[in-house]
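Here is a short briefing on one structure.

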Amino acid sequence: MDLRELREKIDRKEARLAVIGLGYVGLPVAALFAEAGFDVLGVELRPERVEKINAGQSPIEGDEPGLAELLDAVVGARRLRATTSYEDLRDRDVVLIDVETPVDETHVPRYQALRGALASLGPVLKKGALVIIESTIAPRTMSTVALPLLEKGTSGRLNSDFYLGNCPERVMPGKLVANLRNLSRVAGGGSPETAETMVALYRNIVRGDLDPTDWITAELVKTVENSYRDVQIAFANEVALICEALGGDVWKVRELVNKTPARNMHLPGAGVGGHCIPKDPWLLVNGVRGMDVPVRVIPQARAVNDSMPLHMLDLLQTALEKAGKSIYDARVLVLGYAYLENSDDTRNSPSEVLVRHLEALGTEVVVHDPYVEGYQGDLLSMARGCDAVVVMVSHRDYRALDLAALKAALASPILVDGRNLFDPDQLVKAGFTVVTVGKG
Ligand code: SAJ
């Protein structure tokens, strides 16, 4: 099968698709292509997930609007099936790869899952099939990792025995299906014709722009867009530290700065968590590892953002000492353990860093989070006898907090606000000592 024949099969929706890795990216993508009318096979290593999916149930935690119904419909219509066996991929014309691409504690990408998927796929890949990596990868990964592994596994050559593309995903927990349908995507092909074929394929599920390009551009776009956000947040955090030292109010400064055209100062805060923003800058930086490129701003921005949970600890320690208390034997209530407001996702949570350091000091820590298993419960009873409260996440639930009741429960009315969630005047009126990040 050559690319023209594959293109025709895609246009007739006769192309048989596969998705390797049925996680929070792969599963919705598989379901959307099945809903569009394709026969989709999902390959997933975890048998319990395969079983659940083949029963039409979503194994994905959290509230994902539209996913459960979508899955139930396409599995019921027998257009989506899951398996643990790579052998079943032999008749697939297009194979999407959606496996994890983490970076380790030394900020080096760990491609075990990606290498494993490619090494298993090569020997069973149908001649002339199109392989598309959707995972976020460091620039040059397509040419230095994916291509060699597929050439070896297929004993074939690119753009004749197989075709290869990179189409980075742009999903977000809580909006998996909506983001996949609506956000634009970059289709990086191993040839212009491959990129065009990718656009024709994704047009079946994507309403946003589909921009054909090459591998390196696709790899750069995804890692750059998240590095951009990380650097912007770090800038806001650094301005917050300057404002604290000068008696300024970064929240007011930001509001007035953003009145200037072409300014978009981001939100300072208690830290930067999640599965994308803390990781993708390191993937970008790794794209030029070993090359003589002076990469400074991006790593420094990571350092600034990673320091913010510790800055929260400093603000807390100072507030306690001013009240004649010692952090070492204080009891502290931490509000929010998720990495993002109104989410149950705790990956790379700034709160985890703060709690670990507080406990290392001997502080007694109580953590509340209305969305995270294990941290739910009655906030006021958790506040009883605490010497301070630290707001780490701006969950909507906290806006309705009865401040008088909170003050009555606390041993000392100290509140450190890492997300400018509360109006300080209201807190002072309620008798609190307030410290807000970015306010001197
Ligand atoms: N944060 C700040 N200040 C800000 C924005 C975020 O401190 O101005 C913190 C958040 O509290 C959180 C972390 O950064 O701890 C990440 O927040 P996020 O809003 O970037 O949410 P994510 O991690 O889910 O980012 C995703 C990304 N989407 C993809 O990778 C496909 C990101 O590119 C999007 O910009 C972001 O969602 C979004 O805009 O919602």
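Helix α9 covers residues 215-246, 32 residues in total. At 1.5 Å a residue it should span 46 Å, and its end C-alpha atoms are 47 Å apart, so the two values agree. The model is predicted.

**The shell around the ligand**
- The ligand is surrounded by 17 residues. N226, R229, L267, G273 and Y339 are the closest of them.
- By class, the shell holds nine nonpolar, four polar and four charged residues.

- The side chain of N226 places an N or O atom 2.5 Å from an oxygen atom of the ligand.
- G273 uses its backbone instead: an N or O atom there lies 3.0 Å from a ligand oxygen atom.
- For R419, an N or O atom of the side chain is 3.3 Å from an oxygen atom of the ligand.

**Burial and pocket**
- How much of the ligand does the protein bury? Taken alone, the ligand exposes 740 Å², and the protein buries 84% of that.
- The ligand takes up the space of the second largest pocket.

Conventions: Residues numbered from 1 in each chain as written. Predicted model: local features only at pLDDT ≥ 70, side-chain atom pairs only at ≥ 80, totals over all residues. Heavy atoms only, no water. Near = heavy atom within 4 Å. Polar contact = N/O pair within 3.5 Å; in protein donor to acceptor, adjacent residues only side chain to side chain. Areas by Shrake-Rupley, 256 points an atom, 1.4 Å probe, with all protein chains shown as cover. 1 Å grid on protein atoms, 1.4 Å probe; cavity = no way out; pocket = protein on both sides within 12 Å on 5 of 7 lines; lining within 4 Å. Sits in = over half its atoms within 2 Å of the grid points. Nonpolar A, V, L, I, M, F, W, Y, C, P; charged D, E, K, R; others polar. Helix = DSSP H or I, 4+ residues; strand = E, 2+ residues; numbered from the N terminus. Expected span 1.5 Å × (residues − 1).
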